[in-house]
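Try each task yourself before reading its solution.

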Amino acid sequence: MGCSASMEGEPAALPYRDSFQGSDTPSNLEFAILRTRWLKEHLEGNTSIRAERENFTTGKEANLMIALRFPGPGSLTFLGGSDGILMEMGFLFRRWPLFGGWEEMKIRRVVKVEAPSALADGGTWEMPIRFPLDLPADPSSVWEAKVQARARLGGVLFNGQELPLQSLEFAGGEFQVLPEGWEALAEDPLGNLEFALSGAGAQGDQWVLCSCALVGDEEKEVALGLLVGSLDKLPDSLRVASAISALRFLSKEDAGAGPQAWKEWWEHRTMSSSATPR
C-alpha cells in the first residue's frame, strides 16, 4: 500500500487511500481535510516575494520573483483548475508627494502561471513577474509599495495522494518607486540631503524627499536631525514644505504643518530617547 512518509506535526493516525477522489468513508475524508490544512500551513511557511532590488524608477518596471520551496519529504505536484493556475496579486502603493500628506492606492492583477513539474525534497517553484510602474500623479513623488500574492489551485498531488488544496498565500514583499535620476543620490544619501536642503530651484525640493528615501535605517535619526535643524535656515517656504514632507516620510508621524511643531516633536523625541535605559 502507498503510505507516505510522515513529517513532524503531520496527522498520521488515520488511514487514507492513494486518491482522495472517490473516497466515501468519514475517516478518509477527515484525514484528507486535516492533511490539506497541515500541508497549506507547511507550504505557506516556505513562500516569498522578492523584489530584484529595493528601488525602482517611476515609469519603468518592477521585477519580482514569487517563490515556494517544497521542504519535502516525497513529491508535490500542483494541479490547475479549469483556467490553469492563477496568481492573484495585490499591490498597495503609498504616495509621498513633495508637499503635503501621503495617500494610498491599491492595484490588483491576475496572471496565469505555469505549474512546475513535480517538486522533490528542496525543490523550488519560481515565478518571475514584471509589473509596470506607470503610476499616476506627480513623477517627483516617492512611492512605497507592498505586494501580496495568492495562487488559485485545482488541488495538489502530495506523495501520490490528491488533496483539495485550493489556494496558497505568499509572504509579502516590499520595494520603493523613486523619481528618475535617483541613482545619482544613492552613493551618499545624507550628503545629498544636506546639499538639496541648501540648493536652489525645484530640483532641490525634489531631491530632499528622494534623498531621505535612500537613507538606511541606521542613518534615519541623523537625517531627521538634519531636517529639523535646517527648518530655520531654508531658502524659501517651498523648501520648508519639502523638508516637512520628508520628516513625515522618515518618521511616519505627523507633528503638523509648521516648523515649530516639528522642532517641539524633535525635542520630545530626543529627550525620550536619552531617558530610555540602555
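**Exercise 1.** Find how Lys40 and Glu44 are placed relative to each other in helix H1, and what their side chains form.

*Solution.* Start with the positions: Lys40 and Glu44 are 4 residues apart in helix H1 (residues 26-44), so about one helical turn separates them. Helices (H or I, at least four residues) and strands (E, at least two) are DSSP runs, numbered from the N terminus. Next, look at the side chains, which meet in a salt bridge at 2.8 Å, N to O. A salt bridge here is a side-chain nitrogen of Lys or Arg within 4 Å of a carboxyl oxygen of Asp or Glu. The classes are buried under 20%, exposed over 50% and partly exposed in between (1.4 Å probe, protein chains only).

A note on the source: this is a predicted model, where local features need pLDDT of at least 70 and side-chain atom pairs count only at pLDDT 80 or more, while totals for chains, interfaces and linings use all residues. Residues are numbered from 1 along each chain as its sequence is written, and side-chain values use heavy atoms, with hydrogens and water left out.

**Exercise 2.** Locate Lys263 and Asp232, and say which parts of the chain the pair links.

*Solution.* First, confirm the salt bridge between the two side chains, at 2.8 Å, N to O. Then place each partner: Lys263 sits in helix H6 (residues 259-275), and Asp232 in the loop between helix H4 (220-230) and helix H5 (237-251), so the pair links distant parts of the chain, 31 residues apart. Last, compare the classes: Lys263 is partly exposed at 26%, whereas Asp232 is exposed at 58%.

**Exercise 3.** Work out the strand order of the open sheet of 5 strands, and which strands stand at its edges.

*Solution.* Read across the sheet: the order is E2-E11-E8-E5-E6, with mixed pairing. E2 and strand E6 (103-113) stand at the edges with a single partner strand each, so one side of each has no neighbour in the sheet. From one strand to the next, the twist averages 30 degrees; axes are lines fitted to C-alpha atoms, for helices over the stretch in contact, and angles run from 0 to 180 degrees between N-to-C directions. Two strands pair if DSSP finds at least two bridges between them.
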